[in-house]
Amino acid sequence: MRWRLASGVLCDKSVPPGLKGKFYRVVVRPAMLYETECWPVKMSHVQKMKVAEMRMLKWMCGHTRKDRIRNEVIRDKVGVSSVEDKLQELRLRWFGHVKRRDIDAPVRRCKRLSIVGLRKGRGRPKKYWAEVVRQDISLLQLTEDMTHDRKT
């Protein structure tokens with residue numbers, strides 16, 4: 001909905017691409033990534049977000065898929081990083097908050113986690129948030145001890 005409200009400004013050809021990118025980063029992306037830091041994100045979720053983001057960015061620049069312009073070129077033109085990188089950054093930031101909090105601090109429950117049913121299904125067990133964070137930490141070659149130093 002944020003995208004549709006802002007599309008008049010974002011699709012205007014007289015607005016420079018840098019300003020469009022800044023508006024996208026400040027208004028649209030936070031609405032799209034709201035509370036994603038505590039999802040056990042699957043690759044299908046990431047793929048859907050990447051596709052949605054690229055459709056918006058191409059639309060902002062006035063390009064279509066038929067123009068066959070690479071995603072990196074459009075991201076550089078608008079000055080926006082990948083949604084996958086932003087998801088990872090948000091998850092690791094939230095992980096740092098969780099690790100640094102007091103033991104007796106109240107626990108925040110995410111809306112998405114409370115919806116999950118207890119029904120047994122077929123196939124692979126559900127992915128847990130801690131599993132996703134462990135993958136992020138190993139990918140970036142970090143350690144859990146680094147969470148105590150906020151600047152790091």
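How many aromatic pairs does a search of the whole structure find? The search finds one, with rings of Phe, Tyr and Trp (its six-membered ring) counted as a pair if their centres lie within 6.5 Å.

## Model and overall fold

This is a predicted model, in which local features need pLDDT of at least 70 and side-chain atom pairs count only at pLDDT 80 or more, while totals for chains, interfaces and linings use all residues. Residues are numbered from 1 along each chain as its sequence is written, and side-chain values use heavy atoms, with hydrogens and water left out.

The protein has seven helices and zero strands, and its pattern along the sequence is α-α-α-α-α-α-α. Helices (H or I, at least four residues) and strands (E, at least two) are DSSP runs, numbered from the N terminus. Of the 152 residues in the protein, 33% are buried; buried means under 20% relative accessible area, exposed over 50%, and partly exposed in between (1.4 Å probe, protein chains only). Among contacts (heavy atoms within 4.5 Å) with a separation of 6 or more, 70% are between residues 24 or more positions apart.

## The aromatic pair and α7

The pair consists of F95 and W129, with 6.2 Å from centre to centre and 50° between the planes, and is tilted. Planes under 30 degrees apart count as stacked, those over 60 as edge-to-face, and the rest as tilted. The pair links distant parts of the chain, as F95 is in helix α5 (residues 83-100) and W129 in helix α7 (residues 129-139), 34 residues apart. F95 counts as buried because its relative accessible area is 10%, and W129 because its value is 18%.

W129 is one of the buried residues of α7, together with E131, V132, V133, D136 and I137. These buried residues of α7 pack against α5. Helix α5 also holds H97, which is partly exposed at a relative accessible area of 32%. The C-alpha atoms of H97 and H148 are separated by 9.2 Å, although the two residues are 51 places apart along the chain.

## Nonpolar cores

A nonpolar core is a set of buried Ala, Val, Leu, Ile, Met, Phe, Trp, Tyr and Cys residues joined through side-chain atoms within 4.5 Å. The largest has 12 residues, including A6, Y24, M54, M60 and V78. Helices α1, α2, α3 and α4 (71-78) each supply at least two residues of this core, and α3 gives the most, with five. Apart from it lies another core, of eight residues, among them L33, M49, L87 and L90.

Y24, a member of the largest core, touches R29, P30, M32, E53, M56, L57, M60 and V80, not counting residues up to four places away in sequence. P17 lies in helix α2 and is partly exposed, at 33% relative accessibility. Leaving aside neighbours within four places in sequence, P17 is in contact with K77 and V78. P17 and M60 are 43 residues apart in sequence, with 7.9 Å between their C-alpha atoms.

## The second largest pocket

The second largest pocket has a volume of about 490 Å³. On a 1 Å grid over the protein atoms alone, a pocket is an open set of points where a 1.4 Å probe fits, with protein on both sides within 12 Å along at least five of seven lines; lining residues have an atom within 4 Å of a point. Grid points are joined across faces, edges and corners, and a volume is the space filled by probe spheres set on the points.

Of the 20 lining residues, V51, A52, M54, R55 and M56 are the closest to the centre of this pocket. Helices α1 (2-10), α2 (17-32) and α3 (43-61) each supply at least two residues of the lining, and the largest share, nine residues, comes from α3. By class, the lining has 10 nonpolar, four polar and six charged residues. Here Ala, Val, Leu, Ile, Met, Phe, Trp, Tyr, Cys and Pro count as nonpolar, Asp, Glu, Lys and Arg as charged, and the others, Gly among them, as polar.

## Positive phi angles

Most residues other than glycine have a negative phi. E35, which is not a glycine, has a positive phi of about 60°. E35 lies in the loop between α2 and α3 and counts as buried, at 13% relative accessibility.

Q141 is not a glycine either and has a positive phi of about 55°. Q141 is in the segment after α7 and counts as exposed, at 69% relative accessibility.
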